[in-house]
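Here is a quick tour of one protein model, written for someone who likes to know the cut-offs. Have a look at the structure first, then read on.

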Amino acid sequence: RARAAAAARRPSLPLRSLAMRSAALSLGRRVLAASSGAAASSSSRAVGAAGAAPSAALLAQTSFIADTANGLSGASGSRAASTDAARPPPRSPPFFSSTSRAAAAVLGVAASAAVAAAGFSAAAHLTDPESMLVAQAKAAVPKSSLPFKDVTLYQYDVCPFCNKVKAMLDFHGIPYDVVEVNPLFKSEIKFSEYKKVPVVVIDGEQFNDSSVIMRTVDERMAGKAGRGGGLSKAAREKEAKWAAWVDERFVHVVTPNIYRTWGEAWRAFDYITERGNFDVFQRYAVRLSGTVSMYLISQNVLKKRHNIVDERKELYLCMEDWMANAVGKQAFCGGDQPNLADIAVFGVLRAVKTFETFTDACANTSVGPWYKRMEAEVGESTRTDGVQN
């Protein structure tokens, strides 16, 4: 009777058991969420250390929780055994012991799922047939056969015009150096009388203006006639018409969308804190001044100049115009193969692929499948620094 009374007075579940079970369940949900995110990322083109690091951290925490739970359970059992040696064995194991084992099992399964999902994602990326074929074709071209020895691009990372040029260089598999220009001081292009970007220096010869650069690269890669030499008059006229549309309309619609709100404008300058040979003061000076100036210019100058009332609505109209009248029922504006207009539009869109602008455009227009086809055609970045565009 005395033992029964003592057992009745003892709490059925210690407070630390509750805390540990709560921590285990919370961490279990985080690991499951991470595994779901890893599985969803199998459609992404970039699966690397940056994406794997959170999963590794969660796995480490999972192991710690499971080990701690088992350790505390064992310690509690040892103390109970030494205190109540004369008692008959309980009919069922202590609640905390069973809870810790269950939590550890759940977390182990979730951790395995996260690892498996991440592995599947990486494998899917590495074995994507179109990406592999494009990469193999470019790797098979001897560098000595390229008409360029040294190509250097001076740019702003999110500049739509600069991204047109990067798309062209990537499309042709041309290795190129990238120099990030400080928008405030522009000391990186002090050698140039032309103070805008992009500027490209090819074997010591300077070229300005994105459309001129694209045409020059294309002609040199395919001979003096360029790809246009084998096109019909109608095809050449169509390419020229839509390439001009990119510069005269599309870019000026995309820009106010990038800087539509203060938050979007601030995030657009994330790159400045990571890229470029700038000191800390320059990075944050550029980010702050860039955010303020580009938001005000976009909202008070560009929208009025180009008769834009609702920038998102205008973006959707541009995308549907492109898909209906430039691409139509074909794979690309150029038919079975991309032309200069395809590459230009792709470059502008790729510049904002991590922004809300891109997400909204794909969700509200029919541009997504075309963009995926272009992504396969252009392939991976050929920048010499290994950074993906």
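Which helix supplies the largest share of the nonpolar patch? That would be α10, with three residues. Before going further, some housekeeping: this is a predicted model, where local features need pLDDT of at least 70, side-chain atom pairs count only at pLDDT 80 or more, and totals for chains, interfaces and linings use all residues. Residues are numbered from 1 along each chain as its sequence is written, and side-chain values use heavy atoms, with hydrogens and water left out.

**The patch**

Trp262, Trp266, Leu288, Val292 and Leu296 make a nonpolar surface patch of about 460 Å². Areas come from Shrake-Rupley with a 1.4 Å probe, and for residues only the protein chains shown count as cover. Both α9 (262-268) and α10 (280-305) supply at least two of the patch residues. Val292 sits in α10 and is partly exposed, at 33% relative accessible area; buried means under 20%, exposed over 50%, and partly exposed lies in between.

**The chain as a whole**

The chain has 14 helices and four strands, taken as DSSP runs (H or I, at least four residues; E, at least two) numbered from the N terminus. Of its 389 residues, 41% are buried. Among contacts (heavy atoms within 4.5 Å) between residues at least 6 apart in sequence, 76% join residues at least 24 apart.

**The sheet**

The four strands form an open, mixed sheet in the order β2-β1-β3-β4, where pairing takes at least two DSSP bridges. β2 (177-180) and β4 (205-208) are the edge strands, each pairing on one side only. Neighbouring strands are turned by 20 degrees on average, direction ignored. β1 (151-155) and β3 (199-202) pair antiparallel over four bridges, and Leu153 has Val200 in β3 as its bridge partner.

| Helix | Strands touched | Angle |
|---|---|---|
| α6 (160-172) | β1 and β3 | about 155 degrees with β1 |
| α7 (210-222) | β3 and β4 | about 125 degrees with β4 |

Notes
Patch = residues over 30% accessible without salt bridge, like charges linked within 9 Å, V, L, I, M, F, W, Y side chains within 5 Å. Salt bridge = Lys/Arg side-chain N within 4 Å of Asp/Glu carboxyl O. Buried < 20%, exposed > 50% of the residue type's maximum accessible area, 1.4 Å probe, protein only. Axes fitted to C-alpha atoms, helices over the stretch in contact; angles between N-to-C directions.
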